[in-house]
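Please read the points below with the sequence and the 3D view open side by side. They are arranged as a note to a colleague who is meeting this model for the first time.

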Protein chains: 2
Amino acid sequence: MAGGGAAASALSSPWRALLQRALDANAHLRHSTYFQLATVATGGRPANRTVVFRGFQENCDKIQINTDARSNKIGEIKSCPFGEICWYFTDTWEQFRISGSIDVIDGSNADPSKLQHREKAWFSSSVRSRLQYLGPQPGIPVLDDEQVKGIHLDPSAGPVDAFCLLVIDPEKVRQAFFFLILLFVDYLNLKSNQRLMFTRNQMDDGSNDWMAVKVSP
Amino acid sequence: MAGGGAAASALSSPWRALLQRALDANAHLRHSTYFQLATVATGGRPANRTVVFRGFQENCDKIQINTDARSNKIGEIKSCPFGEICWYFTDTWEQFRISGSIDVIDGSNADPSKLQHREKAWFSSSVRSRLQYLGPQPGIPVLDDEQVKGIHLDPSAGPVDAFCLLVIDPEKVRQAFFFLILLFVDYLNLKSNQRLMFTRNQMDDGSNDWMAVKVSP
């Protein structure tokens, strides 16, 4: 679920190798695949919540999250399609800050390959996880505790309408005025007190060139 | 450091009692006082990082954080003075989302009582924590690993210029157009699958009236 070591080592991103090492070293902790995703909410204020890492997309560094299409963050992301992940590994004292654009893939998406990714994400989830998408809308008042019981789901049935895949693409960003490259993967190790910043530069042939700079913690 | 149980029980906020219970239940974990603070960065994009809870301000529910006045977030907060805390307790599977305004208190603050809070926060930190404010500016490239060694700090000396206190005030927010009260403390317990939302309503006499609503997770 959390992206294979072999797949990671086949990729060139230096931060990806560090992240995979942290995932491996903290794999005994259930919460090692949880991170906090910040977005910008209505009115330009920040929003922040814990989400579950659902692995990297095949053959790239894009990060996948499952979410409920009826949750507030969907509208927020459609209005401001950017996020920053803050991922703290409690056993190795390592923090990754990963900033990028977010793609919302719900059942109405027009791209067949994206719908395929969504379907794959659905079947990769446990049946218990899938059941939550058949429950009431997140955030509405609970009138009756019994209303969520007795829901049945055919394990072979495809994704329901409320199931949404979010895909975060760690990306290079240029500021409009200054053409500065904003840093988008920021790694901090509190045990060694080492901090690294990674930037991506897309080459003419479409490949990515990564640069790591050691900075003051 | 993390706010006393007695002080918490003397306050009326229902979320504060839940938070104190989570702090107590997870106190054996070093990272139980770490949470993620989302803000809005330059260009209207979200930013997110792990910070350390430095307790509540005396006799109120305001949350304190120490930070470096030279870090990027200071400029960001001055431009958009709002944050959302996402605090996940790994042992009890509880999440608190606390949204509010942020007050930046550095050495140039004109309010003597705020400067007093800053001084108190400085002396409440370990000498080792204080030393980081004498190091190089966070985020600049490290040219020489030796540059941070050999720094001496007199333990009785007051806060240095780089030391900054952030005070988050969980607050009621009204949207300009609809006069809706935005929810600002959102509690989720993944063990019991219970979610509560708390809103504050300031009364005519200045006191706070809190309302808790059980909502769908």
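1. In this predicted model, R70(A) and D68(A) join their side chains in a salt bridge, with N and O 2.8 Å apart; the term stands for a side-chain nitrogen of Lys or Arg within 4 Å of a carboxyl oxygen of Asp or Glu. R70(A) is partly exposed, at 27% relative accessibility, whereas D68(A) is buried, with a relative accessible area of 7%. Here buried means under 20% relative accessible area, exposed over 50%, and partly exposed in between, with a 1.4 Å probe and protein chains only.

2. Some conventions should be kept in mind while reading. Residues are numbered from 1 along each chain as its sequence is written, while chains are lettered from A and ligands numbered from 1 in the order in which they are written. Since the model is predicted, local features need pLDDT of at least 70 and side-chain atom pairs count only at pLDDT 80 or more, while totals for chains, interfaces and linings use all residues, and side-chain values use heavy atoms, with hydrogens and water left out.

3. Over all chains, the search of the whole structure gives 20 salt bridges. Side chains of opposite charge can pair when their charged atoms come close. In chain A, the residues E84(A), R97(A), D186(A) and R195(A) are linked in a network of such bridges.

4. Two salt bridges in chain B deserve a look together. E76(B) pairs with R49(B), the closest N and O atoms being 3.2 Å apart, and this pair links distant parts of the chain, with E76(B) in helix α3 (residues 72-79) and R49(B) in strand β2, 27 residues apart. Both E76(B) and R49(B) are buried. The helices (H or I, at least four residues) and strands (E, at least two) named here are DSSP runs, numbered from the N terminus. K78(B) and D106(B) form another salt bridge, at 3.8 Å from N to O; K78(B) is in helix α3 of chain B and D106(B) in the loop between β5 and α4 (112-124), so the pair ties together parts that are 28 residues apart in sequence. K78(B) counts as exposed at 56% relative accessibility, but D106(B) counts as buried at 15%.

5. How many residues of each chain take part in the contact between chain B and chain A? The count is 45 residues of chain B against 45 residues of chain A, where contact means heavy atoms within 4.5 Å. Between them the chains bury about 3600 Å², 58% of it on carbon and sulfur atoms; buried area is the accessible area (1.4 Å probe) that two parts lose on being put together, summed over both. R45(B), P46(B) and N48(B) supply 19% of the area that chain B buries against chain A, more than any other three residues.

6. Across this interface of chain B and chain A the rule finds 0 salt bridges, yet 13 residue pairs are in polar contact, both residues being at pLDDT 80 or more. A polar contact is a pair of N or O atoms within 3.5 Å; within protein, one must be able to donate a hydrogen and the other to accept it, and residues adjacent in sequence count only if both atoms are side-chain atoms.

7. Chain B is superposed on chain A by a rotation of 180° with 0.0 Å of shift along its axis, at an RMSD of 0.0 Å. That is the relation of a two-fold axis. In chain B, the C-alpha nearest the axis belongs to A38(B), 2.9 Å from it. The superposition is by least squares on the C-alpha atoms of residues with pLDDT of at least 70 in both copies. Of the interface residues of chain B, 100% are also interface residues in chain A, so the copies meet through the same surface.

8. Finally, consider chain A, which has 5 helices and 11 strands, and in which 48% of the 217 residues count as buried. S124(A) belongs to helix α4 (residues 112-124) of chain A and is exposed, with a relative accessible area of 56%. A polar atom of the side chain of S124(A) lies 2.7 Å from the backbone oxygen of K120(A).
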